[in-house]
Amino acid sequence: MELKKALRWFGKNDPISLAQIAQTGAKGIVTALHHIPNGEVWAVDEILKTKTNIESYGLTWDVVESLPVSEDIKKGNPTRDAIIKNYKESVKNLGECGITTICYNFMPVLDWARTSLSYTLPNGTEAMYYQSDLFAAFDIYILNRPQALNDYTEVQITAAEAIYKTLSKKDIQDIAYNIIVVTQSFIDGAVGEDEKEPVKLFLELLAEYDGIDKAKLRENFAYFLNEVIPTAEKHGVNLAVHPDDPPFPLLGLPRIMSAPEDFEWLTKACPSLNNGITFCTGSLGARKDNNLPNIFEKFADRIHFLHLRSTKILDNGDFYEAEHLDESVNLASVMKKIIKEQIRRKACGRLDYNMPIRPDHGHKMLDDFNRKSNPGYPLIGRLKGLAELSGLEVGMRYIMQNN
Ligand code: DNO
């Protein structure tokens, strides 16, 4: 038995091809039908086209990442029922095509946030970085978000102002463009690459969440789950919500998938095991109080998909994406628990014991500098992560069997 090792592929527009992925040792593919607009049905023939293409490289399509949850669903707008109906149809179609794990998120407006996409590490590789004061400067002085000042302490505002004063016009443009467009558009985010006034649109999208607090967002999430999970159950599909990245509130928006109490809430809101989690060690690991091995153990039976990487948190709360096996996250302990859970599932007759994992993100390194890729998804950096995680799995299994 082994875990299903996969890499993410962004479809035909991904500068990295399936032929290249097939050489990395990955056996599975994590992808989405990126050409279908959010909220529309993924028809069986479209799903099969992508599935057949993937299989022609000797790979399998194991996980959908993501089947996007439209903003209208998150906001609880009256149009949500029609969109949820389409969502259910897509879940059913995927199940019928044998694709039974769906990753999605319930983060308002912004899917993930970093202040730098190219932070140079001492060995010359590049990682992604989140600098709190710079993010505050973006919020208060670049976006000029109306309520922003209420969300920071005096100390944070002073630090943000000091950073803002050091920024050139180009820095300001780059930061805004990276946060609003570059990290969002390739994953079907709210602001596309051809948007003429991204900052204006972004502010409008944020304003639509005025009056939607954590309780309201949870209520809208529970509504979605209780509509969709029965369809997932019927068609043998597992849904796996991705944690908030980073796992704390940003830009005045509520966050509801950041810590164990949120997963607790999730299981109560809809107890079915088809209502599951994408265990992303990188996202959850950006909070010091998240103990990853403990969280894994507590929610193991509903963890359907894993993103594995380490996050290095600095003393001031900033963080960057460290090497996959950096000791900042105890991935060896997590790996042991994943293997145990896989063995347990197989023994009790569960069909979902594949436990697909993918190295999450990767450093830009070596030949990656000569090749285009989406932020976080270079070929060689991820290949290195995949190889390290595969080695960790083999070693861990050996020790578990021989002790
Ligand atoms: C970023 C990813 C996220 C993730 C979505 C899942 O690299 O981890 O964009 O795919 O949040 O819906």
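**Reading the helices and the sheet**

User: Why are helix 5 and helix 7 called roughly perpendicular to each other?

Analyst: Helix 5 (residues 132-142) and helix 7 (residues 169-185) pack at an angle of about 100 degrees, and 65 to 115 degrees counts as roughly perpendicular (under 35 is roughly parallel, over 145 roughly antiparallel, the rest oblique); therefore the name applies to helix 5 and helix 7. Their axes, lines fitted to C-alpha atoms over the stretch in contact, with angles from 0 to 180 degrees between N-to-C directions, are 11 Å apart. This is a predicted model, where local features need pLDDT of at least 70 and side-chain atom pairs count only at pLDDT 80 or more, while totals for chains, interfaces and linings use all residues. Residues are numbered from 1 along each chain as its sequence is written, and side-chain values use heavy atoms, with hydrogens and water left out.

User: Which residues make the contact of helix 5 with helix 7?

Analyst: Helix 5 brings Leu134, Phe135, Phe138 and Ile142, and helix 7 brings Ile172, Ile175, Ala176, Ile179 and Ile180. Contact means heavy atoms within 4.5 Å. These residues divide into nine nonpolar, no polar and no charged.

User: How do you know that the length of helix 4 agrees with its number of residues?

Analyst: The expected span is 1.5 Å times one less than the number of residues. For the 17 residues of helix 4 that gives 24 Å, and the end C-alpha atoms are 24 Å apart, so the two agree. Helix 4 (residues 80-96) lies across strand 3 (60-65), strand 4 (101-105) and strand 7 (238-242). Its buried residues include Ile83, Ile84, Tyr87 and Leu94, and among what covers the buried residues are helix 2 (44-55) and helix 9 (214-234). Just after helix 4, Gly98 takes a positive phi of about 85 degrees.

User: Why is Asn374 called buried?

Analyst: Buried means under 20% relative accessible area (exposed is over 50%, partly exposed in between, with a 1.4 Å probe and protein chains only). Asn374 has 16%, so Asn374 is buried. Asn374 sits in the loop between strand 12 and helix 14 (379-401). Leaving aside neighbours within four places in sequence, Asn374 touches Phe10 and Phe186.

User: What makes strand 1 and strand 12 edge strands?

Analyst: Strand 1 (6-8) and strand 12 (357-359) each pair on one side only. They belong to an open sheet of eight strands in the order 1-2-3-4-7-8-9-12, with parallel pairing. Two strands pair if DSSP finds at least two bridges between them. Strand 9 (residues 303-308) and strand 12 are joined by three bridges, and Pro359 in strand 12 is the bridge partner of Leu308.

Technical notes. Helices (H or I, at least four residues) and strands (E, at least two) are DSSP runs, numbered from the N terminus. Ala, Val, Leu, Ile, Met, Phe, Trp, Tyr, Cys and Pro count as nonpolar, Asp, Glu, Lys and Arg as charged, and the others, Gly among them, as polar.
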